[in-house]
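Here's a quick tour of a protein model, written for someone just getting started. Have a look at the structure first, then read on.

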Amino acid sequence: MTTKPTRTVVSRRSRPAKEPLSQELIVETALGLVKSEGSTGLSMRKIAKALDTGPSSLYVYVSNQQELSAYVLDAGLAEVIFPMSDSGTWQSRLFDVLDSYLMVLFDAPGIAELALTTIPVGHNSLGLTEYMLHQLNEAGVGATSAAWGIDLLLLYVSSVAFEQTSRNQVGTTLQAVKASYQTLDAKRYPLLSGLKEEMTSAEGKERFRWGLEVILQGILQGKPEIK
C-alpha cells in the first residue's frame with residue numbers, strides 16, 4: 001500500500017497586511033526619507049519602494065512631486081515650537097519662534113532645502129505665518145510691511161539653515177575662508193584686509209540674531225502701507 005506524501009499548505013496571507021495607502025502615509029514616508037537622505041529622498045520611486053507599491057499609485061493621492069514637496073515641508077514644520085502668548089515681549093516671541101524654525105531646518109537638511117524651493121501649504125506653515133503676523137501686529141506694523149517683512153524673515157532663516165547644513169554635509173568649514181583673508185593683497189583689497197577678522201567673526205547664534213534684528217528694524221521703520 002502506497003502512502004501519499006503530506007502536502008503543507010502555505011497561506012498566501014502569511015505576510016502582515018500592508019497599511020492602506022493614503023496621502024497621510026505617503027507624506028509621512030516621504031518626510032522620513034527626506035530626514036534620512038536629504039532632498040534626494042523625495043523621489044516618487046524611492047517613496048513607492050518604501051511603501052511596497054508602484055510610483056503610479058502615489059499619483060492617486062498627490063498630483064505631482066511639487067505638491068508632495070509642499071505637504072512634506074508642512075509636515076516637517078509640525079515640530080516648530082510656539083512660545084506662549086504671555087511669555088516675554090512680542091519681539092522675544094518672534095525671535096524665539098524663528099529660532100525654533102531654524103532648529104527644525106538644521107535637524108533635517110532636506111527640509112532646509114525644501115524651505116527655499118517650495119511654497120508650503122497646510123496648517124503648520126499657515127500657523128507659523130499667523131503667529132508671526134500676530135507679533136508684528138502687536139508692534140503696530142502696517143499690513144503690507146508685516147506681510148512682506150515675514151517673507152524676508154523666513155527667507156533669511158531658511159537661507160542660513162540651508163547654507164550651514166550644506167556645509168556640514170560636505171565637511172566645509174570657514175577655516176579656508178579665514179586663511180584666504182590672511183593672505184589678501186592689502187593694496188588691492190584694502191577694506192577686506194582691514195576687516196578680515198570681522199568678516200568671519202561671531203559665528204552662530206550671535207550673528208544670526210544680529211541679522212534678525214537688522215531685518216526687523218527695517219520692517220519697523222518702513223511705511224505702514226507701501227503704495
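## A quick briefing

Leu-128 sits in helix α7; helices here are DSSP runs of H or I with at least four residues, strands are runs of E with at least two, and both are numbered from the N terminus. Keep in mind that this is a predicted model, where local features need pLDDT of at least 70, side-chain atom pairs count only at pLDDT 80 or more, and totals for chains, interfaces and linings use all residues. Residues are numbered from 1 along each chain as its sequence is written, and side-chain values use heavy atoms, with hydrogens and water left out.

**The overall picture**

- The protein chain has 11 helices and 0 strands.
- Reading from the N terminus, the elements go α-α-α-α-α-α-α-α-α-α-α.
- The chain has 227 residues, and 33% of them count as buried (buried means under 20% relative accessible area, exposed means over 50%, and partly exposed is in between, using a 1.4 Å probe and protein chains only).
- Take the contacts (heavy atoms within 4.5 Å) between residues at least 6 apart in sequence: 69% of them join residues at least 24 apart.

**Back to Leu-128**

- Is Leu-128 buried or exposed? Leu-128 counts as buried because its relative accessibility is 3%.
- Leaving aside residues up to four places away in sequence, Leu-128 touches Val-80, Phe-82, Val-97, Tyr-101 and Leu-154.
- Leu-128 and Val-97 are 31 residues apart along the chain, and their C-alpha atoms are separated by 8.2 Å.

**How α5 packs with α7**

- Two packed helices are described by the angle between their axes and the distance between the axes.
- Helix α5 (residues 90-107) and helix α7 (residues 123-138) pack at about 155 degrees, and their axes are 9 Å apart (axes are lines fitted to C-alpha atoms, for helices over the stretch in contact, and angles run from 0 to 180 degrees between N-to-C directions).
- That makes α5 and α7 roughly antiparallel to each other (angles under 35 degrees count as roughly parallel, over 145 as roughly antiparallel, 65 to 115 as roughly perpendicular, and the rest as oblique).
- The α5 and α7 crossing is left-handed (left-handed if the near helix is turned anticlockwise from the far one by less than a right angle, right-handed if clockwise).
- On the α5 side, the contact is made by Trp-90, Arg-93, Leu-94, Val-97, Leu-98 and Tyr-101, and on the α7 side by Leu-128, Tyr-131, Met-132, Gln-135, Leu-136 and Glu-138.
- Sorted by class, the contact of α5 with α7 has 9 nonpolar, 1 polar and 2 charged residues (Ala, Val, Leu, Ile, Met, Phe, Trp, Tyr, Cys and Pro count as nonpolar, Asp, Glu, Lys and Arg as charged, and the others, Gly among them, as polar).

**How α5 packs with α11**

- Helices α5 and α11 pack at an angle of about 130 degrees, with 11 Å between their axes.
- So α5 and α11 are oblique to each other.
- Their crossing, α5 with α11, is right-handed.
- Among the residues making this contact are Trp-90, Phe-95, Asp-96 and Asp-99 of α5 and Lys-205, Phe-208 and Arg-209 of α11.
- The contact of α5 with α11 splits into 9 nonpolar, 1 polar and 5 charged residues.

**Salt bridges**

- How many salt bridges does the structure hold? There are 6 (each is a side-chain nitrogen of Lys or Arg within 4 Å of a carboxyl oxygen of Asp or Glu).
- Arg-209 pairs up with Asp-96, with the closest N and O atoms 3.1 Å apart.
- Arg-209 lies in helix α11 (residues 205-221) and Asp-96 in helix α5, so this pair ties together parts 113 residues apart in sequence.
- Asp-99 and Lys-205 also meet through their side chains in a salt bridge (3.8 Å, N to O).
- Asp-99 lies in α5 and Lys-205 in α11, so here the parts tied together are 106 residues apart in sequence.
- Asp-99 is buried at 13% relative accessible area, whereas Lys-205 counts as exposed at 55% relative accessibility.
- Salt bridges that share partners join Asp-96, Asp-99, Lys-205 and Arg-209 into one network.

- Most residues other than glycine have a negative phi.
- Asp-52 has a phi near 55 degrees, a positive value in a residue other than glycine.
- You'll find Asp-52 in the loop between α2 (44-50) and α3 (55-58).
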